[in-house]
Structures are given as structure tokens and as C-alpha cells.
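Below is a short briefing for a reader who has not seen this structure before. Please look at the sequence and the model first.

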Amino acid sequence: MKLNKIYLTLAAGLAFTACQDIDEIVPQSDRMLESQVKETNTIVPSRAEASFTGMFTSIGKPYASGYNTPDDFAFLVMAFCNDLEGADALIPDTGYNWFSVCGEYSSRNANYRNPYIRYETPYKLIANVNTFLSGFPEDVTDENSIHLIAQAKALRAFAYMQLVPAFQFVTNLDGPAVPLVTPETEDFTHNPRASVRDIYALVIEDLNYAVEKLEGFKRSSKMYIDQTVAYGLRARANLDLGNYADAAADAARVIAQYTPASIAEVSKPSFMSIDEHNWVWGYDMTAALTLKKTDATPSSWIRSFSGDSYSAACQCYVSINKLLWNKIPATDIRKQWWVDEGLHSTLLDGLTWKGKGDIANLSINNEKEPFLPYTNVKFGCLTIGTTTNDEDFPLMRVEEMILVRAEGLAKSGKETEAAQVLSDFVTTYRDPQYSVNGRGLSLADEIWFQRRVELWGEGFGIYDIKRLGKPLVRFHGTPESTNIAPAFRFNMAADDGWLLMRFPQTELDTNFSIEDNNNGSLPVMDQNPTLRDGVTD
Amino acid sequence: MKKIRLFFTAMVLLIFSVAVSAQNITVTGTVSDESGAAVAGAGVLLKGNNTVYTMTDNAGQYRISVPANGTLTVNCLGYQDTEVNVAGQSVINIVLIEDKQMLEETIVVAYGTATKSSFTGSAAMVKSESIEKKISANVTNALAGTTPGVQIISGSGDPTSSSPTIRIRGIGSMSASNSPLIVVDGMPYEGSISDINPNDVESMSVLKDASASAIYGHRGANGVVLITTKKASSGDAQVKFDARFGVNSRLIPQYDVITDPAEYYETYYKMMYNQYYYAGHTSAESYEYADKYIFDQNNGGLGYQVYTVPEGEKFIGTNFKLNPKATLGYYDGTYYYTPDNWYKEAFHNSFRQEYNVSVSGSSDRFNYYASAGILNDGGMVSNSNYKRYTGRVNADYQVKKWFKVSTSLNYSHSNSQVADYDDETYGSSGNIFYIVNNMGPIYPLYVRKLDEDGNPYILTENGRTVYDSNNTNFKRPNFVGNAIRDNEVDDRHNYADVLVGKWGAVFTPVEGLTLSANLGITDDNTRSTELYSQFGSASSDDGQVYVEHNRLFTVNQQYLAEYKKNIAGTEHSIDILAGYEQYKKTSQLLYGQNDHLFNPLIGELSNADGTEKKTVKSYTNEYMTEGFLARAQYDYAGKYFASASFRRDASSRFAKGHRWGNFGSLGAAWLVTREDFMKDVSWVDMLKLKVSYGIQGNDNLGTRAQWYYPYADQYTHSYNSSTNEYSMQLAFKGNSELTWETSKSFNIGTDFELLKGALNGSIELFTRKTEDLLYSKDVPLSAGNPTGVIPVNVGSIMNKGIEVTLDGSIINTRDVNWTWNLNLSHYSNKILSLDDSVSEEGIKQSYRIYKVGGSLYELYIRKYAGVDPESGKALYYYDEKDDDGNVIATMQTTSDFSKATQYEDGSILPKLYGGFGTSVSAYGFDLSAQFSYQLGGRYYDGSYQALMHTQASAGQAWHRDVLKAWTPDNTNTDVPRLDGDIQVAQAAVDRFLISSNYLSINNVTLGYTVPARLVKKAGIGSLRVYVSGENLAVFTARKGVDPRFAMGIGSYTAGSGLSTGGYGAMRNITGGITLTF
């Protein structure tokens, strides 16, 4: 027999087999395993910073929640929804409006995507921060590490401040808010809702740390957090907590470092680049991120100048409620941040869209529908008609801090100083003919009015309403009083339990200590027609 | 059969060809079988002298000249050899006894074949005769309705991706794959099944229980489908040619929607009126509201006016009727608007043609089969078709007595054009099927103007038809762009080149011992190009192009040693197999996209001049398993059979230390009819009892990148070119403890043949318990896990079921043969345990619940309590709770949907499913029909829910059932008033559950085989012509529903509810001709 030959063949086969090692299988892709990350960091030590940067990138990352839908872009979705659930920002009632759940308030649904994203996003960031913080030894002393830790903690504070007001009125300090998660949290499945007070204790602790440790720290980009941002965040937290004097003091530290945008600067569509000098902190959107999905970006929704957007292509422009717009004096440049009934705004003068003028009425199939009355032109695009949608988004502007300072002063007994701060800002930077008492509002309401106009579209809408204990007023009893679509036309009392969000089903299923919000009911068209908020009356 | 007999006889005669001796007498007679039917083609020979022979004619008669004291041997395939002493008789009639052993089916099983009687496991086999009848590019479609225990779920008619979902004996996994392992000619296959030409397939075996499939170890947990390709079956070369031509058409009709534009407007007007009226306004205000907004797409209206109403008159009157003076068609000075029937415009019949030719032959050392096939299969919408070219060579060569090599090569090239749809995403305006099924009947498809004479015409622009994509003075409130246009102007092509090869060497160094080494590869290179036209949705980018190259390379190595021995002088025989197998898969991608196409028609990156959104990427992912296998089979006297198998496998999906798993099985069978005490039971021809138990594994968490390395944390990264910084994020949280999911199967059954073939069948009972389930466990969102889930091994599930197969012949004569078959399966699915962290209340989702004691297909749904006859509002059930959360009253009704309770509402799985069929052949004609059915299950008809919208959903189609909505005059109805209520929105309500019962006519074939004597002169061996209807009809509970689309669980936007976005099933009617020579 020629068995030798046979064995030789078999042996050769087995030898070939032995070359393959099941242990050597690792991805060669955009995904890296922990071992590959370590390897990279050893070869290129500077790559270690990438996970720190990653926390900031996550704030507005398209498709961050994996839904792969046009309403999936992390914190910037949360900000957008805060405005659409408020009184002043609206999108038409059409099939193209991916945010109609906000307009009609059907977002209180445990199984919907929108509330899921708004709940999950901050917790992902919190988890990243906690993991990041756990990576440092307790006795870390080197300055660079301290700066990273301080920024991470400030981010965590930011995340909680975005989360808490959705689930509890921040004025209800002992009311249950959301689960508190820190690096020490072990049992996520029995983690009850912590009170607003307890969570804000952590927020203030984190921000105190950041303020202290970031002294003298120079950041490489305004996407990161330096001491002024930390002050600004603490100013917001103090405002939430009613620590008005502290809020004013913190805001003053920011104001000292930045100059508001001038009338000239806001006389054209802007608020699109992190380089704008009035931005204290911003989200640096890159083309590398938007390429993943250009329509899941703020540029696709709140900006009216993108050639690849829901706003322009589907006439889903974000408009201002004319209840508020009517209250803006004609001498205020901000009156022009929205086109009027006749689609006119001076901000459009001289602008062209791919060479074509009369942008307001311009119609390009699949790309650009004519503007609607009160469409915003506040937010610009780096190139009109762009399809990259990589405009940056402001997370904190000095103008907000001026208004925080004014509010802080006004509510801590320094009304005169507050009025002066407000008057100085508006007169210099927005409306030369401004008078604080011009509308006859209380100083507090006047400041809120200014916030509503100045910060429109930047994520403060419903949070301000709830913080200030105001009702949600979208119309004044008649269809003609507003331009909001009938389906979204209703008012809600300040204490309406439906203003609080519901927990997503996954959280209810897996965290057994959660007791959901269950007050209120879905608003009905034209309900509460007589409610007024003091500003748009 | 007859052909085979002739061949066999000829072979025998050939072998024994020696001269005849003297002293002969002439003997004549008839050879018949036990039933008295003549046996044609039987060989009659003189024993001991191979040159004296003859063959029976068609009447079974023979005439032979033999010595008067000789002995006649009569042989015929399928009968026992029979000897008769001539003893001077001149007339000898011979009755042949059927040879059970010979007749017995050989079935293809794991790593070899087995006779049906010795097989201890559970398997079903489909042979080429029934596969060839199917008009389908995908061979696994032949399993529908023909194999018990196998569920084929496919309502898709897409010619380019017709792979059905196959479920064998229920659903055993929660998060891991439930798909069976496909093995082609002994090698695991992960390519597309459509790349295998069904005409090349000799048989398909479905291995269902552990005894049959445990030797495949980790991959056999969900059953195994073994596909065996053809080999030569005769010594003489045979050429077979088959050509078929057919027509494809849409099978599933449209739902019964409102098609009259006037009726649609009236209904919508009424809805708007009610919306305002029931919000507390007066009747007059409500008319005013509806008048004001009905055409206003930004305030909940329809956008389009397609009727001309006399100046100053109301469009719809206060009686909710269209103004009788209104005329269809509206001209606004620029454009003319009239609705089009999108459904009719989009769908059309198409042509299908297929040609196959094969050549096969064998000699004592060489066996050769080669084939070539061309298929051109059209779709039911434009730019949807599939062209496939296949070529196969299977060759075996006996090099030496102890050494044989075999080679099998299959090459397939396909070129498909893919329609624009995605049946897994809800509500995309770019999905041609979704918009056609959901577009309201008032919208134009085309842009029209009026010519000088006032006649409307469809606008064209540079030779292109101008489609209505909101580019007129009206805007639709829904459906951006125009998906029919996009499907015309865009271009999506897939080009696949697939080489599947297998090389084997078999050594037989000593008798009974076989050593074999096999190497199998699949090399699948698929290039996809997608061009999104500047005349379609990509206008703002001046056209976009996406090019993708996917390379799938798998290599499988097998080293097997098998020893078979009949122990001399005893009735013991053994068969032992041992081996090593290694499988490695490499999946690679190269991808690019860009925009700004210079030439709008060229879908290649080099034609794209964009600079800002250029993207390229590539990756490689690998997967590997290896394992040792062993099997022993024992047979005593062809009566008692036992088998045992063992396999130890490792998978790269698990971390070191958790990688290896042990699997195996035990089985036994008893052929009762071989016992002496059964000898006199004449009505039982065969009776076998069998039992098996085994353990199998599953590591297949899915095909997405993360599931290649689920044990590990995974990070993704990006770069910011303005800050020159990289950023990295955790993208997946792995679990290093993750290991095999195991399923433990028990099978007990009987196979029988009764009454001389009049009733055959099998009955089997099985249980399948899956443990350590691979499960993507939800973690609290507050934990901030990047995907919200972590993979764990947790919980167990039990599937229990029964399968019955029956077949038999009703008439079995020489000229007429009529047979029937029937199979039925039932299984239940129950969750036995879940993770400790899951409360007793289970894992709840918007429409389903996973709970101990429930099934994987358990509904968790709000319940509809009908319409409040007073108000017309929809009512829902809820359980009232006190402040402590205790239920104080159940099944109360409320019209506040947010208060409605989600109830557990049982499993949706069918109680019974299966198929039946019959076939008759008579005087050259053959007629067969095959049906499948499903009974006792439910189906969530989310598409119907979408068509029954009470909320605005402006512009979307309405089912005619909304006309039954409550009104003050029509209070006795179960359709709530149309008032724009958004409460329910997309939530699942039991109101939209319907029966998933169906009966489908899968195939009816009528053929005629021209008598051999007529074609012989033309040199033709046989000639058959046929017509075949595939997927002829489906009878369901509601017009428009195809319960074969999904398992039945779902919602408006998920699961079965996505059906209107799918490529509906197609009907095919084909005529063909088969020639052999």
C-alpha cells in the first residue's frame, strides 16, 4: 500500500490548518477592540486623547442613537425639541415634520423614538464621563489630567442640566427627577429617581470643581470647556436653583471675556460657526460627521439655507410664533431674524442661492421651497445651498450670559442694575431705540421676552417656561392669533403634568425602581384659550 | 423509473455476454408484479450463460430460447432477482416481488448518505423532480409546503433577492440567528442561495433533529439544509435541454382603498369638520375650518385641488358631498391637475425566460456532469430584473483502485437591477411600493399642461417625462419627491460573480476504511452601483453615485476517516466516522461615494466630480470555527440501528477560554417489519420506530460588524480637520463571558408504509429546549450603554411540536398513476426562564412581551373596546389602579388612549401549518398541484391600520372601511368617528389583528411527455412540454394581506406592519419544453 503518500497528504493538510490561529482574529475596520486601542496608544501616544475628544463629539453626532433617522442627532435634538415643545418655534403640520410629536405633545410615549433619544443621549455622555473619570488614579496631580477631569465633570453637569428639567419642574426641588448615576453606581436596575436637589448638588459640585481647576487653562478650541464655560454652566445651574445672586456673579465672569455680536454681525444670517466671537462654547460639526447623514443635523432643520435639508426641501421651515414676533419692535434688528408675512427680511438683502436671488420666494425642485411667513433666517449656512450641513451649533453665547446676569440681578433685589445691564446690551447690540419699560412688562417678564427672542431656536423654550412657572401659551383664543398649525394649537397650564416627559419603555422594563410621571393628558386642539403668559399678551 | 430499469437491464446484459449453447427450447411468458401489472424492461437471462438474454416488452412479455433444463434469472431494478427452473415448460409467467431494500430511498444526511430505514434521525427530502417544477431562482422555495416542520416565510416577489426566511421546528433563539445551516455538497455555504441554479440540484434534505444534525455542532442548532448537486446517472452520455418562457405578474392585490377622488375629498373634508367640531366649535365654524384648510398642506390639509368648482361656490357642501357642478381636472393658469392611478402606473407584467442545458455521463472511472443555465427574470416594476448565468462541472475520477478525486465547480454571474425599496424601514417616501400603496387617490403622478386646444398633455423636458414631485403650484403634505420617478431615473445594479468550488480526495487503503480530505471555497464578489439621478432625489447634489464592492471568501477544510465493517459471520455492522473541520470566513468591503455627476447617466465614481462629500471606506472582518467530530453507527441485522455523534467546536465569536463547546447526539431505530412476528401482517410493508436526543450550539448573533467580536468592547473614531484632533467613542460594550447557546432536542417518531404504497408516512414528536440563550439584554438607559444592550447567555426556551407526513397512491397502474401528499406541523413556543434582572412582568415592548410562561411571539397590546355609540369615540380597556398601584377593577373602558392598559394577548403563532399536493400521470400526461396553508394564527395588519388612520395623515390612502365610521346617523359600527384623533397614532391595538390563515396554490404543472416511439426517429430520447403556474393564488383573511410576509407580530411601523413597503409576491405562468437525447 502507498499509505506513506496518503499520510503525507493528510499531514500537509493538517499543517496548513495549524497556521490558522483562531486567536488572531481581530477587526481591520473602523471598529477597534480594546487591545487594538491599547496598541495604538502605545505606538502613537497622542491618540489617547481621542476618547476625551469623543465625549465632546458625541453632543451632536448624527445617528448617535442608532435609529438612523433624520431626528437622531443627540443633544442638539434635545435642544431643538425644547423649542418645539415651547411656545415660540413651530414647524408646519405635514407628513415631512419628523418633530410633530413635539408640536402635538404626543412625545409622552414610552415607546417612541423621540423621547428615547432625549433620555438616552445625556446618559450616554454621563457614562462616558464616569468611565473617563474612573481611568484616573484618585491622587492624580498632574495639571493636564486635572484639566481633563474638570472638563469631564462640567460635561456631566451639562448632561444632567439637560435631563432633569424634562422630567421634573426644577422648582420642585424635592420632586423625583431622574436616576443619579456616578462612577460609584453599581446597581442600575434598582436606581430610583433622585430628587432635583440631589442631582443639582452633584451638578454644583462638578461645576465648582471645574471652575476651580480650570483657572488659567487655555483650551485649543471652543468645543472644549474652559473656566468661562464652567462659570456659564454654573450660572445656568444657579438660575435653575433660584440662587440668583450667584447666577449673576457667575454670568459676570463670562461676560468679562466676550463681546456680544454687533448689530451689523446679526444683520445677516449667522450663528453658524464656532469662530463667531460671541460664542462661549459651541458644537464643532465636521463634514466627517455629517457625511454619515446630512439630514440628521441642525442644519437640516433649523437653518433655512441648506440644499440638503428637510426645512428647505419639504418646506418644513422652523418659524417663529407670530404672537412673539409681533411684540418685537421694528427698530430691533431681531425683527428681521424672521421673514414677515410677505416673506421679507433685510437679512436676505443681497443674498443669492446658487446664483439665484429672491431667496424667500425661490423654488428649486427637491431642494428649496419658498419660505413660509415667519420662517427664520436667524441661522445661516456657511454656504447658501450647501449640502454638507457642517454648520456648528452654539451651546453658550455671551448674550445668554448677559440675560442670565440681568435675571440674576433682577431677582436678587438689584432691579436697577439689572435694567441697566439689559438696556446696555439691547441698545448697543440689537435695538438702539430700546427702552426696558417700552412694553410695560415687569422686568422679569421683559428679561424672559428678551431670552425668547435672542435665544430662539437654541434650546431654551420649554425649559424656561417650566423654570419660570409660566403656562405654555401658543395662541390667544382665535385661530388668527397665531401661525401655528391647528393640530399644535393649544395652551397648557403651568402645572400641567403633561409638561413632564415619560420614561422610555426600556428604562421601565429594566430599572425596577422607576415610578413614571403619569399626570396630565394629551392636549386637545384649542384647549385653554384664555391662558396668557405675561409676555405675548 | 422505466428508463432506469432499461438501463439497468442493459448493463447487466452487457456484463454477461458469452455465447449460447445448444438443446434449446423456446420459452415465452409474462413478467408482472405482485399487483398483476406487467413489468416492462425486465431482463430475462439464462443463469450461468450471460449471452442468452432478452427483455420484456411493454406488455411484460418475453420470448427466449434456452436449454430445457436451464434456469431463468429475471431481474429488474426495484424487484428482487427471481430464478425459475425451465424444467421443459414453454410458458413461464413470472411474478416479481418488490425489493424493499432496493426501492428504498437513500437520503443525503450529514457527512454521507443513509438508507431511510437505517436512519435514526428526522429528515425530509425534496428531489430534483419537484425542484425542477418550481419556477423560482431560489431552490429553497421548493421547501414551501412540501416539508413538514419547515416554515417558509416569504411574501417577497423581488426577483433579485428572493431568499425566503426558513424556520425549522420553531424559533429557538431570542437574539441569535434562527436560520438553518446551509450545506452544499458537504460544505457550509454562506453565499446567496440564488447563485445555485435549482436545475443543478439533485436533492435537498432538511435535517431537523439533533441525531441528524448534531454532528454539525454549533451550526446545526436551527436545523440543516443539505443541498446536493447532480452527478451523472447513466453510462451513456445524456444531454438534457430545458427552456421555459413565462410571465410574471403581481399576486397580492391592493387593499380595498378609496379610489374615487371625490369620495376621498369628501371623507377628508368630513374628518376635518369633525376635528374642529369635536374640539368644541360650532358647526358653522367647523365648515369654515374645513373649507379653509382642506387644500393647505402646511396646516393638515391635502395640498392639491384636482376639481374645478364654479367661481364662488363651495367645493364640498354642508352635506359633505362634492359640489355636483364640480368637474374633475383643474387648471391654475400654468398647470393642469388630474389624479393618476399610481398603482396601475407603477406595476406591470414582465417576461421571464430560462434555459438550462446539462451533459452527463459516466464510465467505470469517470463521472461527469456539466451544466449551463441562463435566467432572465423580470420584476413587476420598472428597472427591476435579474439575469443570471450559471455553469457547473461536477467530476469524479477514480485514479487508482484506492484513490479517487472529485472536483465540483460552480460559477455564477448575476446582473440585477434593484427596485428602490426597503421593507425594513417604515414610511420612506423613496420606497416605490410604500408610496404606491399609500398615496391618496387625488394626486397626479405627472406634471401636465394644456395645449392650445385646451387638451391636457404630460410635460416633458429634454425628452424626459416630468413627474409630479411637488414641483407644481401645489404641494403634497406627504411623500417627498416622487418614488416612481426615482425608480425610473435612478439606477441600482448588483453584479455578482460567485465561484463555489470543492476539491476532494478519497483514499481507501484497506477495505472498509475511507480517508478523505475536502477543501471547499466560496468566493463571492459582488459589486453594487447606485446612481441617484440629478433628475430625481439627488438634484441638489447634481446626482450621487455609490459604489460598493463586497467580497465574501469562505474556506472550509475537512479531514475525515470512516470505517465500515460488517463483522463476518454475524449480523453486526458498524460505521465509524472521525474528523476535523475548519471554517474561515473573510468579509471585505470597499466603498466609495461622491456626487456632481458630469454625465447624469454614468453611475461610476470617476464620473463624479464632487469634492466636499467624497467618501471612501473599506474593512475586513473575519470569522473562524474549528472542531473535531466523530460518529458511530451500528446496525444489527438491518433491524436495530443505533447512532452516536460528538463534536467539539470553537468559535472566534467568543473570548479565549469560552470558545469551545461540546455537542453530540444519540439515536436509535427499530425496523419492526423485519421482525418475524410481522411477517404475516401483510398490510404493513414497513414500520420503523425511532428516537433521538442531542445537543447543538449556536454562536450566530448576527451579521453586523459588532457581532463578529461580541465578546469585546469596540470603539469607533473620527477626525476633525479644523482642530487636527481625533475623537474616539465606545460603540459597543462586549461581554467576555459570552459563550455557546445550546439547544437540546428530543425526537421520537415512526415511519410507515402501508397497504402496498397506498398510505406512507411518518409521525414525529419533538421538543427543543434552548438554553443559555444568546440574548441582547436591555440594560437601563441610565447606564449609558452605547447600544442599550449587552450580549449575555441567559434564559431558556422550549419548542414542542408534532409533524405528520402522509402520502400514497390512489391509482397505480401501468398507464395511470395518481398520488397525493399531505403534511401538517404544529409547534408551541414557551419561554422557560429569563435573566434574574427581568422582573416577573417580563420584558415589555410596544407590541410584544417576553415573559416566563409566554412565547417569543406573545402579544402585549392595547385592547379595543369598540365605539362609544353616544360619542363615536374609540374605547379602550384599562385596569383601574389605586394610589398604591393595585388593580382595583379590570377591563374598564376609556376613550383616553394614554390610560389604556397593555394586555398580554397570547401568541400569534399558527396552530397548524403545512402543505398538500397531488399528482396524476396518465398516458403521457402529468398534472400536479402543490398547496401550502397555515391555520389558527394571527397577523398584525399594520398596513391596514395605516390605511384606517383617524388622525390626519393627510394625503395618505384610506381603506374603504373608514366609510363605515361612526356618525350620529350610523352609531352601530366598530369604526370610530373620523375626527383627526392622534392618540393612537402608531401604537399597536388588537383591533388590527386578523387571522393569519392562508391557503396558497404554490404550483400547478401540466405536462405531456411525447411517446418515445414518436421522437425516437428524430434522435430524441424524450420530449416533454409543460405549462406551470407558480404562486398562483393566496387566499387570506383580507384582500391585500400576505401573511407569508412575516411571522405576524408587529405594529404600524415594525415587523409584519411593514408589508406595504415590501416587494409583493409575484405570480408566474410559464410554458416550457424539456428535451433529452
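Predicted model: local features only at pLDDT ≥ 70, side-chain atom pairs only at ≥ 80, totals over all residues.

Residues are numbered from 1 along each chain as its sequence is written, chains are lettered from A in the order in which they are written, and side-chain values use heavy atoms, without hydrogens and water.

**Overall form**
- Chain A contains 19 helices and seven strands, taken as DSSP runs (H or I of at least four residues for helices, E of at least two for strands).
- The C-alpha atoms of chain A fill a box of roughly 110 × 55 × 45 Å along the principal axes.

**Surface and burial**
- Of the 537 residues in chain A, 66% are buried, meaning under 20% relative accessible area with a 1.4 Å probe, protein chains only.
- Chain A exposes about 18200 Å², and carbon and sulfur atoms supply 50% of that area (Shrake-Rupley method, 1.4 Å probe).

**Nonpolar cores**
- A nonpolar core is a set of buried Ala, Val, Leu, Ile, Met, Phe, Trp, Tyr and Cys residues joined through side-chain atoms within 4.5 Å.
- The largest has 169 residues, and A:Val178, A:Trp281 and A:Phe371 touch the most other members.
- Helix 7 of chain A (residues 143-167) gives this core its largest share, 16 residues.
- Another core, apart from that one, has 113 residues, including B:Ile484 and B:Trp966.

Definitions and conventions. Buried < 20%, exposed > 50% of the residue type's maximum accessible area, 1.4 Å probe, protein only.
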